[in-house]
Amino acid sequence: MQTAVIYARVSSREQEQEGYSIPAQLKLLKAYANKTGLSVVREFVDIETAKVSGRKAFGEMLEYLRKTKSGRIVLVEKTDRLYRNFEDQVTLEKLDTEIHFVKTGSVLSKNAKAQTKFMHGIEVVSAKYYSDNLREEVIKGMREKAEQGIYPGRAPFGYRNDRISRGIEIHPENSQIVLAIFEFYASGNYSLKQLRRALREKFGKTLNHAYLHTILQNRVYLGFFVWRGIEYQGKHQPLISPELFESVQAVLHGHNKGKYSKHDIAFRGMVTCAHDDCTVTGEVKKGKYVYYRCTGHRGKCDLPRFTEQEMSEKLGEVLKAIHVPDGVLAQIVAALESEQLRLRNQSSSERARLEKRLETVRERMNRAYTDKLDGKIAEDFWQRVQADLQTEEQQVQRAIAGLEGIKNTDRLLDAKRILELANKAYFLYVTRKPAEQAELLKKVFLNCSVDAVSATPTYRKPFDMIAKRVKSEEWSGRADLNCRPLAPQASALPG
């Protein structure tokens, strides 16, 4: 009796779990073997796509056939169950196999008729076309999804996939870890190794260095995402502020080194040379004196050396440029408080309108269901109405949830702190030691270029706007400092 192997495949685990495809194939193939007098010696089952080579069970079958010198017979339901690519087809041909396509009743071997081979070639091309076309349609759908601002894939760490919206939503636990990752690293006090240890101690979560580095650079946490090389504005809720992301990038790219450096040199990594844009580095002399100089990587430089005291005084001048007068500070804070009150009142009014709308939608859903039970409307009509009402219900619920961000916002408090820091920064600076001065400076600027006379900072937001207003003395109660509370977004729902 001749021996044969059986090969069965489905393209996804979901198909296998539903239990209709693999068992049906095996039953058909075993019945064929009994009918034709073939003895089945092995069964190979794959649960993955056949459009590319490299399937696990398929590879095991090839290895088995290579070791079997006679009786290389393969039973399979039909062509697209066996392969959808030319590479696997050629591999089986080289092994001199005899393939029985049970459902179509054809047998392919080196001695098969030309017409059989021709028809099989057409089936392979058709199967490959089906896979390629399906891939194009999937990509088209994902592109459309991306253009609508919906994240088109598996949710990144800190988010989870939302089956209702088909997008992503904030993960209650992992989002807190992501926020801690950014806040810890932005402080400048952690290397990636130290950050990894801190996360493990606080959350019991271990992330490798490369993954942490990826997270710290991922703009998805700002509300953006990249798909096929194009960045899109996402509809998902950001996890961090642009200011926090910017602070992290400064640390990550070397503009703002932390306390884990080998020597306690306060202003190392914060200053560049105005002559050649090289880094100004610090070095310890005689075990206790700190001097700052240009690294001179681009050749001899005219920048003089600075003692730590001289560098401290030079950088302190930067803080004078963001001083907000007391009277102006009081006016701006009063305007911000007034704006926050207005937004809260507006939020309360909008919430009341949305809750009334939600109540109306749910009443309509109940009435429609009653009408269906009473036979006043057909089943298919009720299903369409119910689907539309459920979509509207979800939209209203999301709009209500969005208002919670306005109710619970602490942006007013952040704005007050920023303005108070600008008001008192220089006074605080001169009363502190160099290491503490450096920490204060890191809150205000990203980097600072120095020459023998002056220091030119690259301010962080919103201190860049504050510096411009200080210089022009253009102040108003509604000064645009990029720190006032945001107005609520207009609802996309019809009124």
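**Salt bridges in the predicted model**

Lys-103 is exposed, with a relative accessibility of 54% (buried means under 20% relative accessible area, exposed over 50%, partly exposed in between; 1.4 Å probe, protein chains only). The model is predicted: local features need pLDDT of at least 70 and side-chain atom pairs pLDDT 80 or more, while totals for chains, interfaces and linings use all residues. Residues are numbered from 1 along each chain as its sequence is written, and side-chain values use heavy atoms, leaving out hydrogens and water.

The structure contains 18 salt bridges (a side-chain nitrogen of Lys or Arg within 4 Å of a carboxyl oxygen of Asp or Glu). One of them joins Lys-103 to Glu-77, at 3.6 Å from N to O. This pair connects distant parts of the chain, 26 residues apart. Glu-77 sits in the loop between strand 3 (73-76) and helix 4 (79-82), and Lys-103 in the loop between strand 4 (98-101) and strand 5 (106-108). Helices (H or I, at least four residues) and strands (E, at least two) are DSSP runs, numbered from the N terminus. Glu-77 is buried, at 11% relative accessibility.

Arg-219 and Glu-231 form another salt bridge, with their closest N and O atoms 2.6 Å apart. Glu-231 lies in strand 9 (residues 230-233); Arg-219 lies 12 residues away, in the loop between helix 9 (209-217) and strand 8 (224-227). Glu-231 is partly exposed at 39%. Arg-219 is partly exposed at 31%.

Glu-317 and Lys-320 pair at 3.2 Å, N to O. Both belong to helix 11 (residues 308-320), three residues and about one helical turn apart. Lys-320 is partly exposed, at 40%, as is Glu-317, at 42%.

Salt bridges also link Glu-283, Lys-285, Arg-293 and Arg-305 in a network.
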